[in-house]
Amino acid sequence: MAPPGLQMNEALRLLQNYEESGRGWFWATNAEGRLTYISETVAARLGKSGDGLAGTPLVELFDGSAGESERQRSLPFLLTRQSKIDELPLRAALEEEECWWAVSGRPFYSEGGQFQGYRGSGTDITAQRRSAEDASRLALYDSLTGLANRHHISKKLETTLAAFSQQDRSCAVMLLDLDRFKQVNDTLGHPAGDELLKQVAQRLLKIVGDKEMVSRLGGDEFQIILPDKDDRGELGDLAGEIIASLSQPYSVDGSRCIIGASVGVAISPFDGTKSGDLIRNADLALYAAKGNGRGRFRFYSQDLHQAAEDRRVLEEDLRDALVRNEMHLAYQPVVNAKSNVVTGVEALLRWNHPERGPISPAVFIPIAEESNLILSIGEWVLRTACADAATWPGDMRVAVNVSPIQFANEGLPKLVMHALASSGLPPERLELEITESVFLGDSSETNRMFEALKGVGVRLALDDFGTGYSSLSYLQTAPFDKIKIDQSFVRDATVAGSRNAAIIAAIVALAEALDMETTAEGIESLDQLDLIRKLNVSHVQGYVYSKPVPNANLLEQTETGAWTIKPSGPARQRNDRFHMYRKVGAIHGNHRYEVVIRNLSATGALIEGLLDVPLGTQFVIDFGEGQLATATVRRSVKHQQGVEFEQSLVSDGNGGLCTRHRVSPYLIAEATKRIATTLELPAFSTVNDWKKD
Ligand code: C2E
Ligand code: MG
Ligand code: MG
């Protein structure tokens, strides 16, 4: 055993080594708490020398305001009580960098028992603290986008709803799903997909503002909480703004791509008061929005449950529709607007459901697209249309609609070649109709498909122009032979003050310059046809010439050579009120009448069912589900009243209308009780009373 002096020296050297390693440090104070010793390594971090710090109060080394618990602010307290200090986390008094130490120390006393000061040590815990912080951030936030994660936002929604239900406050939830994100991910790769999601998150934050209320739930799904929002006009505007913003082109890794978004909205307390119910209902609304052709928003309403079930059944039936021979094609003439000669026809798919009768392709095509059934159905349409067209006399063309899902499928050019070869139809007699949505996703893939199809020799038409993104730049970049101007666009053009006529003129001029034909779709009335001819649109397709007809009819018409049709139809287009038959309640005083809405616009309605109601009478129209609208009678003829709403209705995201606000379910229950006890005699007789007479 070495003598005690040597031992002491050895210990000092070891401590010195330890100090120099920077892993730990030592300190000592006098009875007033002023430093008498501090390791050079720490003094250096504080920008001083050990000697320079001598006499400085120990507490001044630390930032007294830092730390999240009382414990960390207690150093002065411990020192005055002369207590032991145990691994106290303290932040160094450094402005520029964040540095944390765990400090320990023990008081020491003279032989007479008098307090002399402290001796202690410290270690740097900055790195540990940082990784602990990261871990808790990871637990709350999505590591890719920095938005709140699913767990965090669902806790937030729960606490918000719990607090709000006590205070009669409302809260909206939006669920958002990106359209065709998968396409980008598959073609540009996952890193590009990640980059895209980050940009989506940025755009969302810019619109919503509150970082804590926007979350990525996973994949390409997002959720937004909007406290105290229940105005469906405002919410619809916001959803529309979000969809428009996310649909702007992105630049990812030097590639340009476009995606879209669909939004479902549910509002507490009307659509549920528990977070689980609210989310489920917002999800149902989102599902319906996607079913409506994507790029839409949709408010939750109770009938969506039935709609979702109907859709599920329909999808099942659709699987067997082809083999059961329930589908056929109808052909609608496309007519030269000047000569009235039919130059071609568009093949339109028809499904005759065994129980439900004819179902519109606008309903079943989206279902087929979602379930990928569109590939086999689309192939059947292509083969059948080519086979039929090959039997027609002359050189009439056939146009076939191609879904974006088919367009994204590499096998399409080969399939087209097969259909042409096996029918013997020359390629220039086949026209493929494509919508603008094919430009979503990766542009280089799209261009390659265009080239391949042009290589086969078929014609290409841009369908439904004016309904989607309507970018004229598509016309310049893609090799189209024809632009089809959508019905809604033409319909609006005849309305006074509409700028659509000027836009159509511009489209026609551009198309002519690019050597493309133009077709106006859905022309029904003679005034529309007039306008279209004046605007120099080259072709017309619409009821004014012919509805879609079966192949047998077409064969009959073409037997004698060139097929000419004389236009016929109403002189002018009817106004664009919604024509309907919808039962609603009309509340007057304490009486509730059953009436039928015959047409509806945002500002008013035509109701039927009451007799001889004086002008100026006020009703509350009850559309159901808490939707009440105050209305005043402005016209009254026998059993029909034209009423004007005090507050305009707003879009429900589905081409329909809804009230901005709804009456809380609690209030309705209360009011019903009150009314039941104070019933008055009805002021008006109803149509039923009248019929009894
Ligand atoms: P689209 O390609 O824009 O077809 C034109 C639609 O307008 C057809 O509706 C046609 O019947 C309708 N239409 C034509 N003239 C008039 C008119 O004067 N007034 C009115 N109100 N409507 C008119 P349809 O047959 O119900 O088809 C709806 C949509 O379904 C089509 O729109 C097309 O996008 C899709 N579709 C139809 N068949 C197929 C198909 O075989 N494959 C694919 N992928 N989609 C198809
Ligand atoms: Mg079409
Ligand atoms: Mg169309």
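How do the residues of the shell around ligand 1 divide into nonpolar, polar and charged? Eight are nonpolar, six are polar and seven are charged. The model is predicted.

**Shell around ligand 1**
- There are 21 residues around ligand 1, and those that come nearest are Arg350, Asp463, Glu521, Glu524 and Tyr543.
- Strand β14 gives the most residues to this shell, namely four.

**Polar contacts of ligand 1**
- Leu349 places a backbone N or O atom 3.1 Å from a nitrogen atom of ligand 1.
- In the side chain of Asp464, an N or O atom is 3.0 Å from an oxygen atom of ligand 1.
- Gln487 has a polar side-chain atom that lies 3.2 Å from a nitrogen atom of ligand 1.
- On its own, ligand 1 has 800 Å² of accessible area, and the protein covers 82% of that.
- Two or more residues of the shell come from each of β14 (342-353), α12 (361-370) and β19 (459-465).

**Magnesium ions**
- The magnesium ion (ligand 2) is coordinated at 2.0 to 2.2 Å by Glu346 (OE), Asn401 (OD1), Glu433 (OE) and Asp463 (OD).
- The spacing of these donor residues in sequence is E-x54-N-x31-E-x29-D.

Key
Residues numbered from 1 in each chain as written. Chains lettered and ligands numbered in written order. Predicted model: local features only at pLDDT ≥ 70, side-chain atom pairs only at ≥ 80, totals over all residues. Heavy atoms only, no water. Near = heavy atom within 4 Å. Polar contact = N/O pair within 3.5 Å; in protein donor to acceptor, adjacent residues only side chain to side chain. Areas by Shrake-Rupley, 256 points an atom, 1.4 Å probe, with all protein chains shown as cover. Nonpolar A, V, L, I, M, F, W, Y, C, P; charged D, E, K, R; others polar. Donors = N, O, S within 2.8 Å, 3.2 Å for Na, K, Ca; no water.
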